[in-house]
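Here is a quick briefing to read next to the sequence and the 3D view.

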Amino acid sequence: MRLQLNQLAKSFDGKVVLDGITADFDEARAIVFIGPSGGGKSTLLRIIAGLETPDSGTIALDGESVEFSNEETLRAHRRRLGVVFQSFNLFPHLTALENITLPLEKVHGHTPGEARDIASETLKRFQLGEHAGKKPAELSGGQKQRVAIARAIAVKPRVLLFDEPTSSLDPEMTAEVLEVIEELKREGRDFVLVTHEMGFARRVGDVVALLANGRIVETGTAEQVFTAPNSAQCRDFLARVLRY
Ligand SMILES: Nc1ncnc2c1ncn2[C@@H]1O[C@H](COP(=O)(O)OP(=O)(O)O)[C@@H](O)[C@H]1O
Ligand SMILES: [Mg+2]
């Protein structure tokens with residue numbers, strides 16, 4: 001994918017959260033954002049997802065710029081994406097299967113029959129076939145997140161966006177979800193990932209960018225960023241998070 005971010009700025013209640021983000025990620029299959037809590041990662045991801053409007057600046061995906069003021073092009077942009085959040089965001093009153101059929105029908109225009117077929121196939125693919133009829137409360141955290149990933153994949157997105165997909169999971173479930181993401185990478189799917197799992201960031205990231213205080217402080221290959229960071233801020237961040 002090519003993802004261009006041009007002078008993105010965003011403030012909430014007078015507090016600057018994104019302070020002019022500019023980057024051109026070209027031919028990157030996996031773009032990984034790391035950085036301290038509160039640095040603006042989720043806000044940036046939500047803007048990339050077309051779920052939040054920047055105060056100024058533009059983004060373009062594969063050369064197509066996103067018009068935030070035009071609801072129709074914004075919807076078209078969102079349809080190209082599959083988004084996975086930290087907190088799963090599954091509908092509690094719907095089964096795993098229904099959580100997947102809903103966007104297929106309502107957003108992507110599939111008939112109920114088609115949506116059902118796609119959803120069951122996708123659940124099987126993620127070893128969730130036997131859980132199709134369960135509601136989120138009857139699933140483990142890892143299973144819930146795999147359903148959320150299945151839902152994101154089912155719509156055949158151009159790009160997947162993950163915002164800390166494992167941060168509410170215990171280590172075993174974290175491993176289960178990271179394995180799925182790594183498998184998607186092997187399949188050649190493009191994604192943008194925000195994560196606190198530094199080992200994983202290094203392993204799957206084609207490009208790693210450190211976002212702190214609303215700015216991209218460092219960007220490079222995973223190898224570069226983790227072994228020879230240019231900025232003191234990045235060195236400090238890595239020293240802090242890799243200490244234990
Ligand atoms: N909808 C919102 N309203 C007000 N403040 C927000 C909102 N979203 C994020 N913020 C603030 O923006 C800052 C950056 O948040 P966030 O993008 O979630 O950072 P990160 O994901 O890196 O932890 C935080 O101080 C947060 O409180
Ligand atoms: Mg966040």
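A word on residue classes before anything else: Ala, Val, Leu, Ile, Met, Phe, Trp, Tyr, Cys and Pro count as nonpolar, Asp, Glu, Lys and Arg as charged, and the others, Gly among them, as polar. By that scheme, the shell around ligand 1 has two nonpolar, seven polar and two charged residues. Keep in mind that this is a predicted model, where local features need pLDDT of at least 70 and side-chain atom pairs count only at pLDDT 80 or more, while totals for chains, interfaces and linings use all residues. Residues are numbered from 1 along each chain as its sequence is written, and chains are lettered from A and ligands numbered from 1 in the order in which they are written.

**Around the ligand**

- Phe12, Asp13, Val17, Gly35, Ser37, Gly38, Gly39, Gly40, Lys41, Ser42 and Thr43 surround ligand 1; a residue is near a molecule or strand here if its C-beta atom, placed from the backbone, lies within 6 Å of it.
- Helix H1 gives the most to that shell, namely three residues. Helices (H or I, at least four residues) and strands (E, at least two) are DSSP runs, numbered from the N terminus.

**The four-stranded sheet**

- This one is an open sheet in the order S2-S1-S4-S5, with antiparallel pairing. Two strands pair if DSSP finds at least two bridges between them.
- Strand S2 (15–25) and strand S5 (64–65) are the edge strands, and each pairs on one side only.
- Eight bridges hold the antiparallel pair of strand S1 (residues 3–12) and S2. Across that pair, Gln4 stands opposite Asp24 in S2, and Ser11 stands opposite Val16.
- S1 and S2 make a hairpin with two residues between the strands, and Asp13 there takes a positive phi near 50°.
- S1 also pairs with S4, again in the antiparallel sense, over five bridges; Leu5 has Ile59 in S4 as its bridge partner.
- Helix H1 (residues 41–48) lies across S1, S2 and strand S4 (56–61), and runs at about 60° to S2. Axes are lines fitted to C-alpha atoms, for helices over the stretch in contact, and angles run from 0 to 180 degrees between N-to-C directions.

**The six-stranded sheet**

- Here the order is S6-S7-S8-S3-S9-S10, in an open sheet with mixed pairing. Strand S6 (81–84) and S10 stand at the edges with a single partner strand each, so one side of each is left without a neighbour in the sheet.
- Neighbouring strands of this sheet are turned by 15° against each other on average, direction ignored.
- Strand S3 (residues 30–34) and S9 run parallel and are joined by four bridges, with Phe33 standing opposite Ala209 in S9.
- H1 packs on this sheet too, touching S3, strand S7 (159–163), strand S8 (190–194) and S9, and its direction makes about 150° with that of S8. Two residues are in contact if their C-beta atoms, placed from the backbone, lie within 7 Å.
- Strand S9 (residues 207–212) and strand S10 (residues 215–220) run antiparallel with five bridges, and Leu211 has Ile216 in S10 as its bridge partner.
- The S9 and S10 hairpin has two residues between its strands, and Asn213 in the turn shows a positive phi of about 50°.

**How H3 packs on its helix neighbours**

- Helix H3 (residues 96–106) and helix H4 (residues 112–125) have axes that come within 9 Å and cross at roughly 130°, which means H3 is oblique to H4. Angles under 35 degrees count as roughly parallel, over 145 as roughly antiparallel, 65 to 115 as roughly perpendicular and the rest as oblique.
- On the H3 side, the contact with H4 includes Ala96, Leu97 and Ile100, and on the H4 side Pro112, Ala115 and Arg116 are among the residues. By class, that contact has nine nonpolar, three polar and two charged residues.
- H3 and helix H5 (residues 141–154) also have axes that come within 9 Å, crossing at roughly 25°, so H3 is roughly parallel to H5.
- Ala96, Asn99, Ile100, Pro103 and Leu104 of H3 meet Val147, Ala150, Arg151 and Ala154 of H5. That contact has seven nonpolar, one polar and one charged residues.
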